[in-house]
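Here are a few exercises to work through with the model open beside you. Try each task before reading its solution.

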Amino acid sequence: MAFGGVGFSSHLFNLLLCIFVWRSFFYSFASAKVILKMPSLLTCNICKDHIAKSKYKIGCKGCANFFHLDCVGISEAEAKINKQLRYTCVCCVRAAGGSGDAGVVDRGTKANTAVDASSVGATADASLNGGDGTVGVAACDFVGNSDALRELQDNLILSMKQQMDTYMARCLSEFRAKTDALFDLYNAQISEVKRDVVELKKAVVELKMTVSEVKSTALLAEKKLADRISELESFNNVLQRRLNRADIIIRGLPENIKDLRSFVVKVANLCGLQLSHGDMQQCCYISERRAVLVKFNSIQTRDSLIRRFVKRGKVTLKEVMENCLLESRIYLNDHLVKSASSLVFACRGLLKKKKIKKFRLLNSDEPQVEVILADGSKTIFERQELLEFARSCPLQPGGAPLVGDMLLGV
């Protein structure tokens, strides 16, 4: 997290810039000496050639530019002997109001270089605080006077330290102020978030209550829908049962009989009932030609045929069909509705599992089944009761359920 943003970075940059300026000021004293060996690459301001590190050179006391000794008319021998040489280039001479095409060489003495250190310190401070930028000229007056230069350096260091202390104190104060403001903003935002969390918790509680109400409503609607579906199924079963009341289903017949009505008449004659084609409303194959549906014109004719068939006990294909040697039986059954068929199917599964010994379908509007259990007791099951009893039975050896919703036709 940044404190202060761009402002703090600007202060840090100004501090580094101030340090660089002070270092440059100290280096200007070294450049004011008459004869130096500079470590960096320099160019003569007259001939514009490179000044080698191993060569002597001289700097202008006004602009701090460097020159070859030969270019300003000073011999190397003189430079080695006279350490008080000072040079002013032609540009600085003209800037001071002089004239001529050459610079001025000053071969002064030590006496005219002594200057009051306090006045020089004041001049340096004025230059640093926005003066006319003549630090280089003032510094040249101290060439050869090491005590005055040292005093000036001490004063400059002290002034620099004071300015840095003042600047750091200001930066610290600004930093603390911005930090306090940031923490105040943080605390305000935390308080706002806490309020939002409290409101969110209330909303969650209300949402849970709404979901609970919707769930209760959905369960109630589901129960009502299930009850309504069960009611409609019962009503549909009643209608189908009454519609199929005059029907029988014949099983065990071949799939290639062309005149089914004549075949049914023969079966009825074997059972002792005189039947004609006009007594049958419809006679056709169903269940992929595995069974024959016969619709009689009257329920009495249908019931009479069933009673006589049960009383006779057995009818075979050999008795009905000419030139047939098959002893397979023919079965006459009721045309059951879906609910009654599911009861019969479930009871057959229980017989295979030996959970019951015998069953008899009570084919009324609401079908029931009379069952003799494995322990010999007799009971009557409705469709839902038999479903629960079948579910309570263990699995078959193959792992498939003995009977379930699909098997019961639910």
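Two strands pair if DSSP finds at least two bridges between them; helices (H or I, at least four residues) and strands (E, at least two) are DSSP runs, numbered from the N terminus. This is a predicted model, where local features need pLDDT of at least 70, side-chain atom pairs count only at pLDDT 80 or more, and totals for chains, interfaces and linings use all residues. Residues are numbered from 1 along each chain as its sequence is written, and side-chain values use heavy atoms, with hydrogens and water left out.

**Exercise 1.** Work out how S11 and S12 are arranged.

Solution. Start with the direction: S11 (residues 356-362) and S12 (residues 368-373) run antiparallel, joined by six bridges. Next, pick a pair: Phe359 has Val371 as its bridge partner in S12.

**Exercise 2.** Carry on from S12 to S13.

Solution. S13 (residues 378-382) is antiparallel to S12, with five bridges joining them. Gln368 has Glu382 as its bridge partner in S13. This hairpin has four residues between its strands, and Gly376 takes a positive phi near 95 degrees.

**Exercise 3.** Check the span of helix H10.

Solution. The expected span is 1.5 Å times one less than the number of residues. Just after H10, Lys354 takes a positive phi of about 60 degrees.
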